[in-house]
Amino acid sequence: MMALARGCPKLQRLYLQENKMVTDQSVRAVAEHCPELQFVGFMGCPVTSQGVIHLTALQNLSVLDLRHISELNNETVMDVVRKCRKLSSLNLCLNWSINDRCVEIIAKEGRSLKELYLVSCKITDHALIAIGQYSSTIETVDAGWCKDITDQGATQIAQSSKSLRYLGLMRCDKVNEETVERLVVQYPHIVFSTVMQDCKRTLERAYQMGWSPNTSNSS
């Protein structure tokens with residue numbers, strides 16, 4: 001990684017997934033030697049906040065994937081969002097320390113942010129409410145498997161957000177399906193993702209393509 005960083009100063013895309021030999025030193029090297037990086041991913045790599053903080057030097061950073069890294073604190077994420085002004089997509093899934101306060105700052109400071117992935121993070125309704133209240137750019141929010149999300153959060157972000165087009169609520173078991181059905185009718189411009197809603201959309205597409213249960217059985 002050190003040799004790659006030094007030898008490829010014009011590198012723009014770097015995705016390293018589940019690579020157990022990639023450490024904070026690797027992150028620091030690419031941040032220092034590859035200033036043109038736009039797309040960066042360290043999903044499942046043993047990197048920590050001590051390495052991630054160096055990504056604040058990347059002024060062209062647009063897409064950042066930090067899913068399930070070894071350690072990630074809220075302060076580091078907030079600093080990255082504040083300093084990487086072109087960031088449009090941020091994936092924080094499976095980082096259980098990410099909390100409501102962090103998401104609020106992301107919503108306030110991420111002026112270019114369009115996608116925010118928060119599956120299995122430590123967030124509550126307050127995070128969704130903050131996104132709806134403070135962000136005018138975020139179009140995609142995935143809060144699947146966040147056990148403390150309820151009807152209140154799902155309803156308020158749908159009501160208040162002017163930019164939201166997708167809300168992932170997969171296995172947010174405190175959100176009632178009746179509430180989601182009502183939101184689907186009230187806010188047709190937003191795609192709400194739950195097990196039931198996804199199944200319905202799949203069936204609708206199948207019918208549109210000519211499928212029917214009878215023809216399926218006969219074949």
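Start with helix 5 (residues 100–109) and helix 6 (residues 125–134): in this predicted model, their axes come within 8 Å and cross at roughly 10°. Angles under 35 degrees count as roughly parallel, so helix 5 and helix 6 are roughly parallel to each other. If you want to see who touches whom, look at Asp-100, Val-103, Glu-104, Ala-107 and Lys-108 on the helix 5 side, which meet His-126, Ala-127, Ala-130, Ile-131 and Tyr-134 of helix 6. Sorted by class, that contact has 6 nonpolar, 3 charged and 1 polar residues.

Ile-131 also turns up in the largest nonpolar core, a set of 62 residues. Together with Phe-42, Leu-90 and Leu-92, Ile-131 touches the most other members. Helix 5 gives the most, with 5 residues.

Leu-90 is worth a click of its own. Setting aside neighbours within four places in sequence, Leu-90 is in contact with Leu-64, Val-77, Val-81, Ile-106, Leu-113, Glu-115, Leu-116 and Tyr-117. Three of those names, Glu-115, Leu-116 and Tyr-117, take us to strand 5 (residues 115–117).

Strand 5 pairs with strand 6 (residues 140–142) in the parallel sense, over 3 bridges. Within that pairing, Glu-115 has Thr-140 of strand 6 as its bridge partner. Zoom out and you get the whole sheet: 8 strands, open, in the order 1-2-3-4-5-6-7-8, with parallel pairing. Strand 1 (13–15) and strand 8 (191–193) are at the edges with a single partner strand each, so one side of each has no neighbour in the sheet. From one strand to the next, the twist averages 5°.

His-68 sits in the loop between strand 3 (63–65) and helix 4, and has a positive phi of about 50° although it is not a glycine. Is His-68 buried or partly exposed? Its relative accessibility is 37%, so His-68 counts as partly exposed. Trp-145 is another residue to check: this one is in the loop between strand 6 and helix 7, and its phi is near 65°, again a positive value in a residue other than glycine. With a relative accessible area of 41%, Trp-145 is partly exposed.

How values were computed. Residues are numbered from 1 along each chain as its sequence is written. This is a predicted model: local features need pLDDT of at least 70, side-chain atom pairs count only at pLDDT 80 or more; totals for chains, interfaces and linings use all residues. Side-chain values use heavy atoms; hydrogens and water are left out. Two strands pair if DSSP finds at least two bridges between them. Helices (H or I, at least four residues) and strands (E, at least two) are DSSP runs, numbered from the N terminus. Axes are lines fitted to C-alpha atoms, for helices over the stretch in contact, and angles run from 0 to 180 degrees between N-to-C directions. Angles under 35 degrees count as roughly parallel, over 145 as roughly antiparallel, 65 to 115 as roughly perpendicular and the rest as oblique. Contact means heavy atoms within 4.5 Å. Ala, Val, Leu, Ile, Met, Phe, Trp, Tyr, Cys and Pro count as nonpolar, Asp, Glu, Lys and Arg as charged, and the others, Gly among them, as polar. A nonpolar core is a set of buried Ala, Val, Leu, Ile, Met, Phe, Trp, Tyr and Cys residues joined through side-chain atoms within 4.5 Å. Buried means under 20% relative accessible area, exposed over 50%, partly exposed in between (1.4 Å probe, protein chains only).
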